[in-house]
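Here are my notes on the model you sent over. Have it open in your viewer while you go through them.

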Amino acid sequence: MPDHKMLIDSREVTFKPGMTILEVAKNNGIKIPTLCHLKDATPTGTCKICVVEVNGEKDLVPACSTPAKKKMTVQTNSKRTIKSRRTTIELMITSGNHNCGVSGKSNGNWTDFQMKAIQYENSDELCPVWGDCKLQELAYQYQAKMDRSDSIWKSDSPELINPLIIRDFSRCIKCGRCVQACNEIQVNKAIDYSYKENDIKIITPGDKPLVDSDCVFCGECVQACPVGALVEKKSKDKWRPFNSKKIRTTCPYCGVGCQQLLHVSKGQIVRITGVEKAEPNKGRLCVKGRFGYDFIYSKERLKTPLIKDKGHFRKASWDEALDLVVKKFKEIIAEDGPGALAGVSCARSINEDSYQMQKLFRSVFKTNNIDHCART
Amino acid sequence: MTNSFSEFKKAKMFLIIGSNMTQAHPVASTFVKNSVQKGAKLIVVDPRKHKLTDFADIHVPIKVGSDIAFLNSLIHVIIDEKLYDKDFVTSKTENFEELKQKVKAYPPETCAKICGIKTSLVYEVARALAKVKPVMLCYTLGITEHTCGTNNVVSIANLQMLLGNLGVECGGVNPLRGQNNVQGACDMGALPNVFPGYQTVVDKSCRKKFETFWKVKTLPSENGLMIPEMMEGLVDGKVRGFYIFGENLANTEPDIKKVEHELSSAQFLVVQDIFLNETTVFADVVLPAAAWSENDGTFTNSERRVSRVRTASKAPGEAKPNWWIFKEIAKRMGHEWSSSSAKEIWDDECSIIAPAFTGIKYSRIEEDGLQWPCSDENHMGTKFLHKDGYFTKGKGSFIHVDWTPPAEIPDKKYPLVLSTGRRLYHYHTRTQTGRCEGLNDLLGEETADISLKDAKTFKIDHGETILVSSRRGKVEVKANITDEVPEGMVWMAFHFRKNNANWLTNPAFDPITLTAEYKACAVRIDKLL
């Protein structure tokens, strides 16, 4: 089918039927801000951040869920769209517990509260995702203003009872990304919208805590949450975007080989997220990949070589331990030949380790008695 | 895997057999579920009604260990009704006539009896498979952990060749590998019969190549021992020195009592690991190793993709990278190895000596990894193998195999079958996940999963601690009554020491691979007195 043409911000662009305005814009390098939009999930159009002006349409339309049409003329940054986005952002901020450094209305400066909040990295008042929040980013970008007194949010304590994940409904903006992550990306179907008493809430069946639901703690919802409503329990107080660096690596658990971003602070992994777009996992992780990293910091880690002496282990230096290993192996080879040695390599460790171990057995000990657990 | 994970989202149909994907390969399962939600067909063949069956068009609850009878019967129907891919079979395969004659012994009626399913289900699945092309077949340890594991895999290959589903995108024979780098350990030659890159040790020219490359005289020319043979060798004194690197054999091998007897018979045992565990108990020397994220390197996933692993934090105390430890031992034996980083080992050795990895260099896998075979530094890697039906050995050979029952089948004294596997929240013997905050809260103990019917028969309540025993051992464990498990089965994992399923499992092995029959042995359940 031939490409169709349309105008976005006075540029002629082509598109294939079935594409949304957002997709066409993205393909042509035109940036439209989004909030509720989640890659690979059905657009919901709930947040109204991606609104654009279409000639001939009375109302602004959400770019994420409006199909592109032939000869359509779209403006993505008109005064009207900017004003609308700013109002939407201000409404979101006043609807919840968002102390994210938004200018007060009265003077253009940060409020006293906000200055105080960021003085201490671990201040309870400071939102756990401060500096890594899509709403905060948009609030800056669109110069949203509010005073604390505008907030219609009433105290609502976070759900701390779950292992691994904290749910703080006071910071939820009901964008629905978590619902899509759970239902359309990971397809675990543990959470959904509830519309009780004119109030929208994201709930498990029966509004139970996650731990009492079908949730499998993959944490896809946490990764999808654009604000601080869903955060990793282990990372709270340890992870801040401005004091951690990101290192890409491969997950140490099953054979899928998911690509992870290790968020490292003070020499320790404090959070793990999936690498978006990466092969093979496209940003997705499971419970072990996302939360199973802190074993490396266990106090029980082996720190020195050990030699058994009269039935008990004692600490030894590398030289002593390796000399003993070599002495014993040499004795055995001398007495019974290299076939009296055997080794099992590790299917968890890196390729280079297995290569070295088989090289040691074959080229140094002179035996092919080397195996690993592939068969078990 | 002959094919790739990225093909899951485009696949038209899946046949998933012996794979509890949502628990053992959770992220892979999300792509299957996405595909099914968009209209792909899913057939799950598994004794258990595990989570993925909720998404299946057809669930075939065959009896444990009856896979070959089922697969042969599918082949029987597909040939009988002329539903197979004639072009593919004629031009790309051989031995079809023999297969055709021999599967006559597996009419659906016979299969139904052996597998404990309805005859009509065999016809339904056979016809469904023949209707869609290609079909992506995935399997896991439900296929391999049997005394007939090799034959199970052969049957699977027969089916996919018959349907012409090999050498095409979204088709193939796809074993999901259990460990992050079990593929890589095989690729690197941590096997008794092959050098890195599957170059055989009994082949003189391969040995010559490695002798030159490693600058050594005469490499050993006979295949070495496999793990079960090594373990038995410890008892009869054939193996005196044993070096275990990063495996907790005392918990992972079948029949713990036997395994511990074997380990305790070792004259000199070296264990290299990151924690003390049930295996280090028997060690004479323990060497402390750097863990994942404490040194650079590469892992190779199920789809043959070599991806980078990077350092995030320092190893504790004096713990050292494993490759360094092996190099130091070699040095003390008079061999100076030049590579002194994982990058040098890969770039200057692994990728040079094995043709399949030649094009893979650290500089090329900074972001997404590359899938072997990758023949040169301009090659973009291989998404799926046997393109257009060209097999490594020329034509694909049909090899008929007959069904054989598990080595130990239920009887009067041990009337139930124990099948084992993995659970989502833990990994293997919990040396790692047991030390991660939160995971023990999600799964703090083992259970014996049983059906409601058996619970009634044996008068057992949900959550009641019961005794599960086999000819080899017994464990006390809480009963978990679930509709996932069929009548006649007890299902357990091996994550917890106290009631590890391996106190019960049968050390009976596939004759070729020596893979143990973890998926089937006979047990009984009793109320505690």
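Predicted model: local features only at pLDDT ≥ 70, side-chain atom pairs only at ≥ 80, totals over all residues.

1. Let's start with chain A on its own. Chain A has 9 helices and 16 strands. Its radius of gyration comes out at 28 Å, whereas the globule rule gives 21 Å for 376 residues, so chain A is more spread out than a compact globule. The box around its C-alpha atoms, taken along the principal axes, is roughly 95 × 55 × 40 Å.

2. If you take the contacts in chain A with a separation of 6 or more, 58% of them link residues 24 or more positions apart.

3. Now the contact between the chains. Chain B puts in 121 residues and chain A puts in 100 residues. On the chain B side, helix 15 (residues 322-332) gives the largest share, with 8 residues. Sorted by class, that side of chain B has 62 nonpolar, 34 polar and 25 charged residues.

4. Strand pairing also crosses from one chain to the other. Strand 15 (residues 341-344) of chain A pairs with strand 9 (residues 241-245) of chain B in the parallel sense, over 4 bridges. To find the spot, look for A:Ala342, which stands opposite B:Phe242.

5. Within chain B, have a look at an open sheet of 3 strands, in the order 12-13-14 and with antiparallel pairing. Which strands stand at the edges? Strand 12 (297-300) and strand 14 (370-371) of chain B do; each has a single partner strand, so one side of each is left without a neighbour in the sheet. Strand 13 (residues 305-309) of chain B is joined to strand 14 of chain B by 2 bridges, and B:Val306 has B:Leu370 as its bridge partner there.

6. As background, nonpolar side chains tend to be buried together in soluble globular proteins. The largest core here has 265 residues, and those with the most contacts inside it are A:Cys178, B:Phe14, B:Leu74 and B:Val490. Helix 3 (residues 67-80) of chain B supplies the largest share of this core, 8 residues.

7. Leaving aside neighbours within four places in sequence, B:Leu74 is in contact with B:Val122, B:Val125, B:Ala126, B:Leu129 and B:Leu159.

Technical notes
Residues numbered from 1 in each chain as written. Chains lettered and ligands numbered in written order. Contact = placed C-beta atoms within 7 Å. Nonpolar A, V, L, I, M, F, W, Y, C, P; charged D, E, K, R; others polar. Pairing = 2+ DSSP bridges. Core = buried A, V, L, I, M, F, W, Y, C linked by C-beta atoms within 7 Å. Buried ≥ 20, exposed ≤ 12 C-beta atoms within 10 Å, placed from the backbone. Rg over C-alpha atoms; globule rule 2.2 N^0.38 Å.
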